[in-house]
Amino acid sequence: AVRVPAGLANSGDGMAQVMVNDLDYLAARIHGRRGRVAEAERLDVLCRLRTIPELTDAVFPDTKQQTSAEFQRWTVEDALAELSHSLRYLDETGSELLAWMLVRFQVENLKVLLRGFLDHGAIEVLRGHLLSLPTDLALEVDQLLAAETLERFVDRLPREMPRKSLRLALDHYSGPLRPFFLEAALDQGYFQELLARAGRLSDADTEVVAPIIEQEVNMFLLLLAVRG
């Protein structure tokens, strides 16, 4: 399904600010945003459009540039913004799982930079494929691409998961590494931590959330097997 921009439906953004960890208010916001999802007949209309410019005009009417790459980036950044916005309504304990879901966007940026580093891609071209991330998730693009070796590239990554996962991959495999294995190592690190954080939820929350998380992991494993 494709989310319709705020101008095409009421998102409930006019509601007053509330205290952190007001789950009822957060649920109301999400319910309001539910009305912006294009599905059923509204989705059929979008699917019948024949060109990317037509699709862009329908979903992002205030934009001018209309390439497929830009459309994809806008939709992903829209999801990123929505998740980031939801964090402000949760306390530190409640936001742990959602905060980690944002790391997924950092991982995707890192994959782009990793491919560019190995292929010696032009930084101007790579920037066009990077997502705009919150400050705490942003990567030092210039420093990473200026690394003399893959090992130094890894050493310049943020601590914990990205650096640890790639370091384990470099230690495990001998000889030249294809990007496939490095990307798989990043995905492994992300999903392992996702499962760990989901496991720290309350029993009531786990009953609802765990099947969704497990389905996402299983979809990744299936695609990994197919690619292999």
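Predicted model: local features only at pLDDT ≥ 70, side-chain atom pairs only at ≥ 80, totals over all residues.
Residues are numbered from 1 along each chain as its sequence is written. Local features need pLDDT of at least 70 and side-chain atom pairs count only at pLDDT 80 or more, while totals for chains, interfaces and linings use all residues; side-chain values use heavy atoms, with hydrogens and water left out.

Reader: How many helices and strands does the protein have?

Author: Helices (H or I, at least four residues) and strands (E, at least two) are DSSP runs, numbered from the N terminus. From that terminus the elements run β-α-β-α-α-α-α-α-α-α-α-α-α. The totals are 11 helices and two strands.

Reader: What percentage of the 228 residues of the protein count as buried?

Author: A residue is buried under 20% relative accessible area, exposed over 50% and partly exposed in between, with a 1.4 Å probe and protein chains only. Of the 228 residues, the buried part is 35%.

Reader: Among contacts between residues at least 6 apart in sequence, what percentage join residues at least 24 apart?

Author: A contact means heavy atoms within 4.5 Å. Among contacts between residues at least 6 apart in sequence, the part that joins residues at least 24 apart is 58%.

Reader: How many aromatic pairs are there?

Author: Rings of Phe, Tyr and Trp (its six-membered ring) pair if their centres lie within 6.5 Å; planes under 30 degrees apart count as stacked, over 60 as edge-to-face and the rest as tilted. By this rule the count is eight aromatic pairs.

Reader: Why is the pair of F60 and W74 edge-to-face?

Author: F60 lies in the loop between α3 (52-59) and α4 (68-87) and W74 in helix α4, 14 residues apart, so that the pair links distant parts of the chain. Both F60 and W74 are buried. The ring centres are 5.7 Å apart, and the pair is edge-to-face because the planes stand at 65 degrees.

Reader: What kind of aromatic pair do F117 and F153 form?

Author: F117 belongs to helix α5 (residues 96-119) and F153 to helix α8 (residues 150-155), 36 residues apart. F117 is buried at a relative accessible area of 11%, and F153 is buried at 0%. With 5.0 Å centre to centre and 35 degrees between the planes, the pair is tilted.

Reader: Which elements do the buried residues of α4 pack against?

Author: The 20 residues of α4 should span 28 Å at 1.5 Å a residue, and the end C-alpha atoms are 29 Å apart, which agrees; the expected span is 1.5 Å times one less than the number of residues. E70, F71, W74, L80, H85 and S86 are buried in α4. The buried residues of this helix pack against α1, α3 and α5.

Reader: Which side chain makes a polar contact with the side chain of R29?

Author: R29 is placed in helix α1 (residues 23-34) and is buried, with a relative accessible area of 5%. A polar contact is a pair of N or O atoms within 3.5 Å; within protein, one must be able to donate a hydrogen and the other to accept it, and residues adjacent in sequence count only if both atoms are side-chain atoms. At 3.1 Å, the partner of R29 is H85.

Reader: Where in α11 does the kink lie?

Author: Helix α11 (residues 203-227) has 25 residues and reaches 35 Å from its first C-alpha to its last, close to the 36 Å expected. Within α11, A210, I213, V217 and F220 are buried, and the buried residues of α11 pack against α5 and α10 (179-198). The bend at a residue is the angle between axes fitted to the seven residues ending there and the seven starting there. The kink of about 40 degrees comes shortly before the proline P211, at V209.

Reader: Which residues does S165 touch, not counting residues up to four places away in sequence?

Author: S165 lies in helix α9 (residues 161-172) and is buried, with a relative accessible area of 11%. Leaving out residues up to four places away in sequence, S165 touches A185, L186 and G189.

Reader: Is H120 buried or exposed?

Author: H120 follows α5 and lies in the loop between α5 and α6 (123-127). Although H120 is not a glycine, its phi is positive, about 55 degrees. With a relative accessible area of 73%, H120 is exposed.
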